[in-house]
Amino acid sequence: MPLVQANNIDIFYEVQGDGEPLVLIPYLAADQACYAFQVADYAKHFTCFTVDPRGAGLSGKPDGTYTTELFADDIAEFMRAAGIPAAHVSGLSLGAATGMWLAAKYPSLVKSLSLHSAWNASDPYLRAVAEGWRTMARALDSVTDMVIQGIFPWCFTPELYAARPEYIDALADAALTHDASGVIGTIQAPTQITFGRHDMVTSTRFAGPLTEAIKDSELVVFEDCSHAPIYENVEEFNARTLAFLTRHSG
């Protein structure tokens with residue numbers, strides 16, 4: 001995996017494919033491998049840059065407060081260090097929260113924006129869920145066990161529930177403090193916003209605030225999915241998202 005120094009940390013990433021740059025930002029505590037089921041299709045049309053975010057995978061894990069705005073600063077500096085003048089940007093969950101900050105703060109870097117299972121600002125329900133994850137991590141003394149037992153049940157429908165332990169760091173503070181409601185109205189990039197119909201954490205209750213604030217946006221709901229359509233309905237997810245990306249390329 002290539003490595004760059006960006007925003008005072010090491011950032012590891014992989015590159016696959018050919019075409020316009022597409023930066024894929026992972027979800028909470030995941031590394032770049034989380035998009036394994038998307039890259040094969042996306043790389044036929046785009047140069048895919050999959051990134052290990054701060055605190056995950058092989059990237060730096062410094063102490064301090066993690067926020068979605070800080071993650072966006074990391075991605076902006078990563079793009080500059082990797083020689084990417086502008087890219088299509090896609091993220092799921094915490095990756096989507098990062099993407100909206102990136103598009104708002106660094107509009108020249110974002111050609112199009114794909115926000116999957118996103119939320120504009122953490123509400124009391126989402127904060128309660130994330131606090132529960134943090135309490136569980138402390139009680140189990142294992143972030144990996146916390147993710148498997150506490151987070152994965154919320155991310156998959158019962159029929160498609162699966163767990164794959166990986167080394168990760170807890171990033172609950174970033175989810176708890178996320179609030180981009182004051183800046184998402186400035187996003188200029190064409191934006192696709194998607195949800196799983198059965199998602200309870202980042203449910204379609206966030207669809208209105210996001211589509212109303214981001215003017216050039218379109219909404220897709222995956223009827224048979226929960227929080228992770230990237231695994232639950234790979235074929236439809238890839239087809240719908242790739243159609244949006246190719247429509248806004250060139």
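Which residues do ring pairs link into a cluster? Tyr13, Phe49 and Phe78 are the residues joined in this way. The model is predicted, so local features need pLDDT of at least 70 and side-chain atom pairs count only at pLDDT 80 or more, while totals for chains, interfaces and linings use all residues. Residues are numbered from 1 along each chain as its sequence is written, and side-chain values use heavy atoms, with hydrogens and water left out.

A pair of aromatic rings is described by the distance of the centres and the angle of the planes. Rings of Phe, Tyr and Trp (its six-membered ring) pair if their centres lie within 6.5 Å; planes under 30 degrees apart count as stacked, over 60 as edge-to-face and the rest as tilted. Six aromatic pairs are found in the structure. One of them, between Phe37 and Tyr231, is edge-to-face, with 6.0 Å centre to centre and 80° between the planes. This pair links distant parts of the chain, since Phe37 lies in helix α1 (residues 36-42) and Tyr231 in helix α8 (residues 229-232), 194 residues apart. Helices (H or I, at least four residues) and strands (E, at least two) are DSSP runs, numbered from the N terminus. Phe37 is partly exposed, at a relative accessible area of 46%; buried means under 20%, exposed over 50%, and partly exposed in between (1.4 Å probe, protein chains only).

For Tyr66 and Phe71, the ring centres are 5.9 Å apart and the planes at 80°, so this pair is edge-to-face. Both Tyr66 and Phe71 are buried. The charged end of Arg54 sits over the ring of Tyr66, 6.0 Å from its centre (NZ of Lys or CZ of Arg within 6 Å of the ring centre and within 35 degrees of the ring normal).

Strand β7 is largely enclosed by the rest of the structure, because six of its six residues are buried. Thr191, Ile193 and Phe195 cover one side, and Gln192, Thr194 and Gly196 the other. Strands pair if DSSP finds at least two bridges between them. Strand β6 (residues 110-116) runs parallel to β7 and is joined to it by four bridges, with Gln192 as the bridge partner of Ser114. Six bridges pair β7 with strand β8 (residues 217-222), also in the parallel sense.

Thr194 lies in β7 (residues 191-196) and counts as buried at 1% relative accessibility. The side chain of Thr194 makes a polar contact with that of His116 (2.7 Å); such a contact is a pair of N or O atoms within 3.5 Å, and within protein one must be able to donate a hydrogen and the other to accept it, with residues adjacent in sequence counting only if both atoms are side-chain atoms.
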